[in-house]
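Here's a walk through a two-chain model, written for someone who would rather look at contacts than read tables. Have the structure open and follow along.

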Amino acid sequence: MKNDEFIKNLDKALTANSTVSTGRVHLVGLEKLREMIGSDWDRIKDRAHQIVRSVIESRLSPQDVFTAYGDMSYIIVFANLGKEEAQLKCTIIAQEICGRLIGNQSAEDFTDVSTLAAKDEGTLYFKKVPSIKNLVSDLEKKAKIDKREISFTPVDTPLANNIDFSKIRFIFRPLWYVRHEVVTTFICIPVRAVGDGSYVYGYNALPDPTNPMAIARMDSHILGCAAREFDKIAEKGKSALLSVPVHYETLAESSRRKVYVDLCSKLLSRHRDRMVFELVELPDGIPQTRILDLVSAVSFLARAVTANFSLNHKNFSDYRSAGLHAVGVDIYSEERSEKEIMRDMDNFAGAASRNNLKTYIHGVRTTSLKTAAIASGFDYIDGYALTSVIDSPGGAYPLGLKDSYLPLLEWDEARGKLAARANH
Amino acid sequence: MARILVIDDEELARFTLREILQSAGHDVAEATNGNEGIALQHSQHFDLIITDIIMPEKEGVETIIELKREFPDLNIIGISGGGRTRNLDFLKLAEQYGAKKVLTKPFTEDELLECVNVCLA
């Protein structure tokens, strides 16, 4: 929201309701969060602010307004909440921000929430909000609390319930194991046709890709698909590993995690030695302890647990001891020049290998990027430069480095035949 | 004296090759990737092309396949070694797809010039 628009809305909020007071104007500060994230902040700050705005927007009513205040704070004005309720909501917002950014909901350690207050002489200042425990206790005493607001479990919204899974199908991308020149693993990807002949992939196939309940339902649906595919592969007398994505939101919250793990135990325990979980959408600043927690939630159900990061992620210290088998990136949507992508690929693979982690790379779409990925030392590669997606995996198969150039040669042969035909 | 095109995305590598080849009396042109190199070959018809393997936009093996398709008699030397792993496999492929000689980086001035002489003989 632009500043002038904010002032207009603020004025509206303050004048439309005679009870609006300084106690409803709050400041959420991210300075401590930046300190915690350290040198990685510069790399992730744009994404971090995007997440902060998204969290605030999702928690505000239409009458409430907010705006960025300086580089590291957000001002929020609540039109209809009392001071304590507004403070509580801000604290919940701060906790959600911490959860999304660093995987930790101890907001008091990493954010500052302050309330606009007036001194006796009328000077305005921001007063730090007391701890959430005191707030809840105060509110309970006043018996005004809406307990639903304290819960961090998002309400199961109609959008989460209203997913038409008949319109979502699954495709599989073969993952090439470079060292042995063989495809052993198939990555399960949800897709939905969007009408104009194109498709949306992954969680974008959901009506609301940011809704944690919808995401969790999608993850559960993927497990069902994996179980069916394992049966089909077995019927063909073949063997293969299947890699399924599991979203951070699904494992981060205890009730969603339990549903997911229980379902996985029920559907896939006999395929444990062929299952790979890929943790996706991890918060950029997630600490190693939180990764350990997420990995241990699913590692007993799988042969390996991997995690997807952004291409400029470099700090992998202790990830191996947290139980991760491999770390990877998806470059399918990268729009930078290949030279820049290749430089980051080299840095990523180098940093991971120094921490004894295997590496994988998704979405390699050109031969030059494929060659660079191999030279950088990536252990597993997928993308159109190597293989096409398939509807159903038929089992592991060999794929030599030479084979990856065959399309170029086939094109050559086809062109030769056309030329010969033209000459006759 | 021959007309030689050097294709490499690394400025320093191109500079070094140019210095060595020019001091041996050759006329040298440069390209930063396979696409540029193929375009230059179409307009200038070089006697010899020396191409790196790991490059953006169009890498070396792909470049050799395309050059040999258009110019079957063209002499090509494939060079590599800058990556972390498996460069020898790429050089083997470069030979299979038409490079007359291959060189693993780092190589000496003598090794390079010997390769060049063999290709131009």
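Start with His26(B), whose side chain reaches the backbone nitrogen of Ala2(B) at 3.1 Å. That sits inside the cut-off for a polar contact (a pair of N or O atoms within 3.5 Å; within protein, one must be able to donate a hydrogen and the other to accept it, and residues adjacent in sequence count only if both atoms are side-chain atoms). His26(B) is found in the loop between helix 1 and strand 2 (27-31) of chain B. Helices (H or I, at least four residues) and strands (E, at least two) are DSSP runs, numbered from the N terminus.

Is His26(B) buried or exposed? At 11% relative accessibility, His26(B) counts as buried, where buried means under 20% relative accessible area, exposed over 50%, and partly exposed in between (1.4 Å probe, protein chains only). Leaving out residues up to four places away in sequence, His26(B) touches Met1(B), Ala2(B), Ile4(B), Leu21(B), Val116(B) and Leu120(B). Contact here means heavy atoms within 4.5 Å.

## What you're looking at

This is a predicted model, in which local features need pLDDT of at least 70 and side-chain atom pairs count only at pLDDT 80 or more, while totals for chains, interfaces and linings use all residues; side-chain values use heavy atoms, with hydrogens and water left out. Residues are numbered from 1 along each chain as its sequence is written, and chains are lettered from A and ligands numbered from 1 in the order in which they are written.

Now look at helix 5 (residues 109-120) of chain B. At 1.5 Å a residue, its twelve residues should span 16 Å, and its end C-alpha atoms are 16 Å apart, which agrees. The expected span is 1.5 Å times one less than the number of residues.

Which residues of helix 5 of chain B are buried? They are Leu112(B), Leu113(B), Cys115(B), Val116(B) and Cys119(B). These cover an arc of only 155° around the axis, which puts them on the same side of helix 5 of chain B; the arc is that of the directions from the helix axis to the C-beta atoms. On the other side of the helix, Asp110(B) and Glu114(B) are exposed. As for partners, the buried residues pack against strand 1 (3-7), helix 1 (11-23), strand 3 (48-52), strand 4 (75-80) and strand 5 (101-104) of chain B.

## Where the chains meet

The contact between the chains takes 24 residues from chain B and 25 residues from chain A. About 2,100 Å² is buried between chain B and chain A, with carbon and sulfur atoms giving 59% of that area. Buried area is the accessible area (1.4 Å probe) that two parts lose on being put together, summed over both.

Across this interface the rule finds one salt bridge, meaning a side-chain nitrogen of Lys or Arg within 4 Å of a carboxyl oxygen of Asp or Glu. It joins Asp9(B) to Lys339(A), with the closest N and O atoms 3.4 Å apart. There are also six residue pairs in polar contact between chain B and chain A (both at pLDDT 80 or more). On the side of chain B that touches chain A, the elements giving two or more residues are helix 3 (60-70) and helix 4 (87-96) of chain B.

## Salt bridges within the chains

Over all chains, the structure holds 23 salt bridges. In chain B, Glu30(B) pairs with Arg14(B), the closest N and O atoms being 3.0 Å apart. Glu30(B) lies in strand 2 of chain B and Arg14(B) in helix 1 of chain B, so the pair ties together parts that are 16 residues apart in sequence. Glu30(B) is partly exposed at 27% relative accessibility, whereas Arg14(B) is buried at 8%.

Over in chain A, Asp262(A) and Lys258(A) form a salt bridge at 2.7 Å between the closest N and O atoms. Both lie in helix 10 (residues 254-268) of chain A, four residues apart, about one turn of the helix. Another one joins Arg336(A) and Asp344(A) (2.8 Å, N to O). Asp344(A) is buried at 9% relative accessibility, and Arg336(A) is partly exposed at 30%. These two belong to a network of salt bridges that links Glu334(A), Arg336(A), Arg343(A) and Asp344(A).
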